[in-house]
Amino acid sequence: MRAVLTWRDKAEHCINDIAFKPDGTQLILAAGSRLLVYDTSDGTLLQPLKGHKDTVYCVAYAKDGLWSPEQKSVSKHKSSSKIICCSWTNDGQYLALGMFNGIISIRNKNGEEKVKIERPGGSLSPIWSICWNPSREERNDILAVADWGQKVSFYQLSGKQIGKDRALNFDPCCISYFTKGEYILLGGSDKQVSLFTKDGVRLGTVGEQNSWVWTCQAKPDSNYVVVGCQDGTISFYQLIFSTVHGLYKDRYAYRDSMTDVIVQHLITEQKVRIKCKELVKKIAIYRNRLAIQLPEKILIYELYSEDLSDMHYRVKEKIIKKFECNLLVVCANHIILCQEKRLQCLSFSGVKEREWQMESLIRYIKVIGGPPGREGLLVGLKNGQILKIFVDNLFAIVLLKQATAVRCLDMSASRKKLAVVDENDTCLVYDIDTKELLFQEPNANSVAWNTQCEDMLCFSGGGYLNIKASTFPVHRQKLQGFVVGYNGSKIFCLHVFSISAVEVPQSAPMYQYLDRKLFKEAYQIACLGVTDTDWRELAMEALEGLDFETAKKERKKRGETNNDLFLADVFSYQGKFHEAAKLYKRSGHENLALEMYTDLCMFEYAKDFLGSGDPKETKMLITKQADWARNIKEPKAAVEMYISAGEHVKAIEICGDHGWVDMLIDIARKLDKAEREPLLLCATYLKKLDSPGYAAETYLKMGDLKSLVQLHVETQRWDEAFALGEKHPEFKDDIYMPYAQWLAENDRFEEAQKAFHKAGRQREAVQVLEQLTNNAVAESRFNDAAYYYWMLSMQCLDIAQADPAQKDTMLGKFYHFQRLAELYHGYHAIHRHTEDPFSVHRPETLFNISRFLLHSLPKDTPSGISKVKILFTLAKQSKALGAYRLARHAYDKLRGLYIPARFQKSIELGTLTIRAKPFHDSEELVPLCYRCSTNNPLLNNLGNVCINCRQPFIFSASSYDVLHLVEFYLEEGITDEEAISLIDLEIPPGSQILRLVETKDSIGDEDPFTAKLSFEQGGSEFVPVVVSRLVLRSMSRRDVLIKRWPPPLRWQYFRSLLPDASITMCPSCFQMFHSEDYELLVLQHGCCPYCRRCKDDPGP
């Protein structure tokens, strides 16, 4: 352990206490009546804090607080003596108080005393500092206590003392734990801070001061310590813990917790701990010896037995003497101490036997073996000199001298080569006898020879492990750490404080030797550890190189002792195939003869070695023959052979690659339906070769209907796909979705929308409709826009019926789209009238449509609809029909709008000429409410409702006249089915028509429904007509029209008040028409003018 002073400062007053900010970035200390805040990184005084009038004795950073802000006061408790120090447990449940009378009181967070500890010294040993161990790994809470009886002691939360008191020989003023409870910092009257183990064993001095140390603290989660003294000095130290360890072959010894030594067997992973209870300064290990240097002695251990795996050590000798050394080495009977330039050899009794004085500083020392008492040492010096020293010889042997300082050394197993890593990170390999530099490699920090192979070494550096065999190029792989040993195929690597054995396959260096035809050396490398495949490759290469000895060794290594078999291999490599076949047969390995002839494509000879009707061997031979035919460009012969061998997949691949459709379908028809893989491959090739009929036949044979559907879809054979979908509804989505996309790609959007709808893809169907609608509006095809909006509304109604979660949203959209459809349907006539030179509509119709649109338009006019065109048409037709007042109003409204240039002259002329007309409207044009018989004005502020009874008007969808219909509602409790039975209304197969028949004169005032229509004006609210069962029975089925909406909408009922005038309702869109108009429009267009339903189509 080494302490490095990072920074130092001095305050004017005694440093009473120190506290770190929880993240460790700032340090606050109490000096007199001031608080000083420092930056811990460089010791900069950030700010002095003033405000205290008296001396500050204690400072602390708040973490979770002693009490909550909600409490108005702090609870107080009496103490039997003056409290000098205190400390909370980790969980904050207990508080330990150190008192002047030598008593330690442990209390809970409510202040109740749970444990009372009395120190032996009583009032002569005031408790000056206490601290709970912050470690979370300890089973029990441990309290460290420092008193002025010059002792440190440890207690459990229960008050039980742990171990004995530890004498200090000074008065402790502060105690604190370091690095999560592993160590203790103690300072006081000895004017220094000392580091102790958590058990109280002194390890060393952190820093000596000029006055008493009053406080010391460790920086959170780091290895920094701050010290505060009585003279105001603040010192900030960094503690550096060096690695103390030793390695010999597969045994590694290292220091743990500063006072323990752990010996690890790197192969078996066994570990043994030796507790020394003192600071371990140096460790050395050699064969069955282990040397541990402590502050005042050196302990020599030995293994209990000579067993290589034994891990039990016992003390052999103790050298009770203090030594100062840089390096420690142990041999069988001696220890070697390295002191700068000097080496001392001591016996286990502590007697110095020999001493060597070097020219330069010793940088590296290693025991390289030898007889007990005569071991050799390899020594590297800073001046580049490398020496070999024998323990029993006073004279050192200079092996060689290089220009750069030595960092690491190792000698090969035969003692003929030397590897050196110098201070320039270069690995240099020398021949010891000739002193010749054999090669050098860059980027090395450590090196090790393989103890089992003379020509192999490894070195590490730059995050890589480098393995070099002989003079071949380096094989590199990633590795973190330092190489410290190389034994066989295991490399021992030290990373930070732990060492591990890395298993490295020796395949790469073995193949390097094989490339040079160095078979014996390759065999030696293989013995270190390669795969079975590598062994076989070595044998084959040796046979090809006619190195039969190596090949024979390889076979023995694998446990093969049959000489005939070996000789057969030799004959086969010499080209004597028939002799080799005979030997294979004699050694009982006819399969090898079969394999040899097959590989040589000598199939006639191979047949002689087939087993007695073994189908597997026969199949293998035919397959090999087919492979050969395929390779020599005889595909048809290969197909026949593959089929006879049962290798249908290979036969199908050849047929498919050559486009032989006939052969493919023949194979498919002969295959059993259970052989799915070849059948599927057949179908795939047939599909690629544009033979969908044969592919469909194959899919049917397999029963793979899903693939059959995909085939029909991909080849656009929609009729077959639809027929299959009718039989198997589970494939509906797989058919209609691609069909809809195909229709959309071919600009058949309306059909695509219906296909999406049929496939259950409502979102896609709605998207297509919305796009169609937007396009229709943008292109001024308002009739199409009305139709698409009507379809959109019905789509929303379907979604509301299928998905209750979206019911309210979809119904809102349904009503919105219905209104837009009505607006665009009417505006289509206005647009044509203003844009086309010839109008197909009567003036009365245009007049009615203009009024309908003007009363129905919302504040935000829908896209594409022009108010100018509506008002212009209304003004023009009103003038023509004698509604001069309305025409004048329309022209006045136009004056406030932007008028296109082409309408400017007509509107200006109309505005002038209308002034010459009377200021009234023709009474023939005034609309009549059929419920209350009130004449309504042509311009109605309420919209399309009666100004008296508020009854909504029902308009014809062609002429836009007000129809003589009144909507009525059923009384509560009357279902639609009951209402129909009461009215005796039959459900017609097509349209509902009110026929022209004569009525009885007696029907009138006596009609119960007519009595319901009486209305007394007196309120602005609409009062609907509600009928009872009695009224329903009085109705005639020819007078009632019903809009039979699907759920979740209710049915709507309408009563005709003029049965003589016939009205027709479309059973699809439920729009009302005068019967003559509807029949004429259906004859003209072949369908309903609103929803485009053909007359032969069934209703919804």
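Hi everyone, thanks for coming. Please keep in mind throughout that we are looking at a prediction.

Let's start with charged pairs. Side chains of opposite charge can pair when their charged atoms come close. How many salt bridges does the count come to? The count is 29 salt bridges. I'll walk you through a few of them.

The side chain of Glu835 meets that of Lys869 in a salt bridge, with 2.7 Å from N to O. Is Lys869 buried or exposed? Lys869 is buried, at a relative accessible area of 11%. Glu835 is partly exposed, with 33% relative accessibility.

Now stay on Glu835, please, and look for Arg902. Those two side chains also meet in a salt bridge, at 2.3 Å from N to O. Where does Arg902 lie? You'll find Arg902 in helix α25, residues 901-913, and Glu835 is in helix α21, so here the parts tied together are 67 residues apart in sequence. Arg902 is partly exposed, with a relative accessible area of 48%. To put the picture together, Glu835 forms a salt bridge with Lys869 and another with Arg902.

Next, a pair of sequence neighbours. Arg1038 forms a salt bridge with Asp1039, and their closest N and O atoms are 3.5 Å apart. Asp1039 is buried, with 7% relative accessibility, while Arg1038 is partly exposed at 27%.

There is also a network. Salt bridges link Arg289, Glu302, Arg314 and Lys316.

Let's turn to the backbone. Which residues does a cis peptide bond join? They are Pro1047 and Pro1048, with omega about 10°. Pro1048 sits in the loop between β51 (1040-1043) and β52 (1052-1056).

For Lys277, phi is near 60°. Lys277 is in the loop between β24 (271-275) and β25 (282-286), and its relative accessibility of 62% makes it exposed, because the cut-off for exposed is over 50%. For Arg415, phi is about 65°. Arg415 lies in the loop between β37 (406-411) and β38 (417-422), and is partly exposed, with a relative accessible area of 36%.

How values were computed
Residues numbered from 1 in each chain as written. Predicted model: local features only at pLDDT ≥ 70, side-chain atom pairs only at ≥ 80, totals over all residues. Heavy atoms only, no water. Salt bridge = Lys/Arg side-chain N within 4 Å of Asp/Glu carboxyl O. Buried < 20%, exposed > 50% of the residue type's maximum accessible area, 1.4 Å probe, protein only. Helix = DSSP H or I, 4+ residues; strand = E, 2+ residues; numbered from the N terminus.
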